[in-house]
Protein chains: 2
Amino acid sequence: MDKKLIIPRKLQGFWELMPKEQMCFSALLNKLEKVFQENCFVPLDTPVLEYSEALLAKSGGETDKEVYRFTKGSTDMCMRYDLTVPLARFVSMHKDELSFPFKRYQIGKVYRGERPQKGRYREFYQCDADIIGNENLSLVADAECVRLMEKCFDALEIDVEIRVSSRKILTGYIESIGKANIMTDLLIVLDKIDKLPQEEIMSQLSELGLAAKEQENIVNLIQTTGDIVDITKKLEKMCQNSTFVEGLDNLKEVDSYLKQMGSKKVLYDLSIIRGHNYYTSIVFEGFFAGKKELGAIAGGGRFDNLCSYFSEKRMPGVGMSIGITRLFSHLMQDNYFKLDKTSEIDCAVINFDETFGESLKLVELLRKNGVRAEIFYENKSFKSKMKEANRRQVPYVIIVGEDEVKMQKYMLKNMQTSEQAQLSLEEIVKTIRG
Amino acid sequence: MDKKLIIPRKLQGFWELMPKEQMCFSALLNKLEKVFQENCFVPLDTPVLEYSEALLAKSGGETDKEVYRFTKGSTDMCMRYDLTVPLARFVSMHKDELSFPFKRYQIGKVYRGERPQKGRYREFYQCDADIIGNENLSLVADAECVRLMEKCFDALEIDVEIRVSSRKILTGYIESIGKANIMTDLLIVLDKIDKLPQEEIMSQLSELGLAAKEQENIVNLIQTTGDIVDITKKLEKMCQNSTFVEGLDNLKEVDSYLKQMGSKKVLYDLSIIRGHNYYTSIVFEGFFAGKKELGAIAGGGRFDNLCSYFSEKRMPGVGMSIGITRLFSHLMQDNYFKLDKTSEIDCAVINFDETFGESLKLVELLRKNGVRAEIFYENKSFKSKMKEANRRQVPYVIIVGEDEVKMQKYMLKNMQTSEQAQLSLEEIVKTIRG
């Protein structure tokens, strides 16, 4: 048959891991899922495709050029670009059936057709947990989301620092000087404060019509960091605007809940802005401890009305999100995963021709006892089987000769230390499982 | 702001579960993953999108009308319609880095734009495990996949019956009567044998040019079922064609491995055909025990060359696949899941105003000890908190008054039996976790 071969390629900017990496990534997701479940969040798994009308409601149906949008038959649809809009769609559809506060988590792939570049993907995972209220939602929920982020990183044994702010503080100050109309532009400038030199920031603030004293106050304000006592001391006399006062009160209330919840890694930092303009009060970000310069690896905040495009009903929410694709890349660079010690096989059973049947039985017994045992049935000679075990970095091998079968005791060899001993099945299981 | 509301809808034919159902479905997937890992299969997570060229290689680049295909910029891409072609693409790309036999599993969503109808979805899960060889692959791998299917259903505590056949037996018989050219059409007819009346089958066989005696032989052949002794007895004198003999020998060899692997639920049944024409020898299907009429809930088989569209290298494979979306629907119908006993909450902590802080602390301690504890902070009165616990079918509540805080002993109430007792934290954890 004359056939043209196709070059096997994956799409550019699409993430795909090799087996050992994938095992590490899956283990990471499992740990996060466990934390969400322990904290009474329910899983949600929405479709990857949504009606364009629903997904693009925010932009009035305009397609952002990054969105994968297409039609099939007469249906206009998009691939989801985040997990938040599908959550809003789901909650709006089922608001009469769900229990509120509705606490859900979702770990899933999202799609953005941007130009692929280092650290940016067109298909990547998001890992979100949100709490949605029905009309009202207590600040306990905000504290819970901050604490949840802390617990996620504790579970991963990653030392993290969580910086919390309330947007209301800055909003209140801007209101107090009669400049509420510049708020959106101001947030855009301030979001760059760690990336641009101070004079450039000042010049941009000046362009927004802020006087020198006001610029100074703003920069001073957003440079406020410390524990709740520190920031209260600095802020409480600064401004009497009611939004400003409410913002500070929100932080104090959240702090009191966080203390009762046993939180230890929270710092208040008014430079935390968050890009999205839907956040309305509490915002927070997680950083590798002492490495703020690497940028946030997780973030979250309070939004006043999740479902405003779908429903008249007010549904305030607060959530947190971990950028797990980016986090995974960082962790890989830092050798967080012991890739050379990651194997899908705990133990290789090395047989001779005459013990193949008995070895198959032994593999089954080991697997039944929680030992991931393998037999290399494609490798014919004893030597090539041992070589394969070495090549695959299998931690243990069991050698099964006829004598071993008779005695029901097998030679177990630790491939790292080269120690070996003749052991019963039970002893082997105990040794390997530790 | 004058704003038009969008009706929140999900796309027709797309699967989306409510929280309790999703919890059950996730638990089911976790059990299957555990089985795959215990048997040394590695996880793979390929992109949902692929180059159309790669995904449609089989059909020479022709789009099946069911495939979601679109362009973005100058890139022609498709959403995957199964997990097998992406596996072939992955293995072909990485054949020099992977260890063979390459054993991978993948659980993921696939996309088919067919008309939605009962039991058919446009987005649904596939759950595949395959073993790919490099040039050669022993029949041990076939046995392993059959046994793996058995283990999957054992892990789900579902009574299953696995029916195994080899296509070579029928192929050999057809060769022996000089009609090899009708094989593809014959398989299509025989695949309908359970759905059409016998006379209709006979008439279709006759249209293929088969004589009356040949029709009878074929129907007799594919009605062969039993254990390996039964079918050997029936078949071994029937035909001396070498393909036929090889098919029977394959079954005998697989049977001997299966016995060593402790398999108990396997039956040989020559009516097992499988739709896909890429299967070349062993084929098998799993059915609810004694309910063959419900159709197969899982299937698999041997294919001679997985990667033929991408590479000159011969890469034979064998795999199994569980139709988990369909399986889940069956299980829901059969009340397999105890939905009313499925809760994301093990225990609600019911506080009074003055014990709120202490209750938050208690919730944390319980969660730290593996009890999914919740506090209903949106419900203000004691009564409404208790009502909420009832409404959510929470199995236990803990009542925390000031006395309880002082004594560090709390009232634990079993909501089903109404039993209650004053217990320490440790005793509570023990009671709830069982």
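**Ground rules.** I worked with a predicted model, in which local features need pLDDT of at least 70 and side-chain atom pairs count only at pLDDT 80 or more, while totals for chains, interfaces and linings use all residues. Residues are numbered from 1 along each chain as its sequence is written, chains are lettered from A and ligands numbered from 1 in the order in which they are written, and side-chain values use heavy atoms, with hydrogens and water left out.

**Chain A.** I looked up the secondary structure and found 15 helices and 17 strands, where helices (H or I, at least four residues) and strands (E, at least two) are DSSP runs numbered from the N terminus. I noted that the C-alpha trace spans about 90 × 60 × 50 Å along its principal axes. Of the 434 residues in chain A, 58% are buried, meaning under 20% relative accessible area with a 1.4 Å probe, protein chains only.

**Strand β5 of chain B.** I then turned to strand β5 (residues 102–111) of chain B, which is largely enclosed by the rest of the structure because nine of its 10 residues are buried. Next I checked its pairing, for which DSSP must find at least two bridges between two strands. Strand β1 (residues 42–43) of chain B pairs with β5(B) in the parallel sense over two bridges, and there B:V42 stands opposite B:R104. With strand β6 (residues 123–132) of chain B, β5(B) runs antiparallel and is joined by 10 bridges, and I recorded B:E123 in β6(B) as the bridge partner of B:Y111.

How values were computed. Buried means under 20% relative accessible area, exposed over 50%, partly exposed in between (1.4 Å probe, protein chains only).
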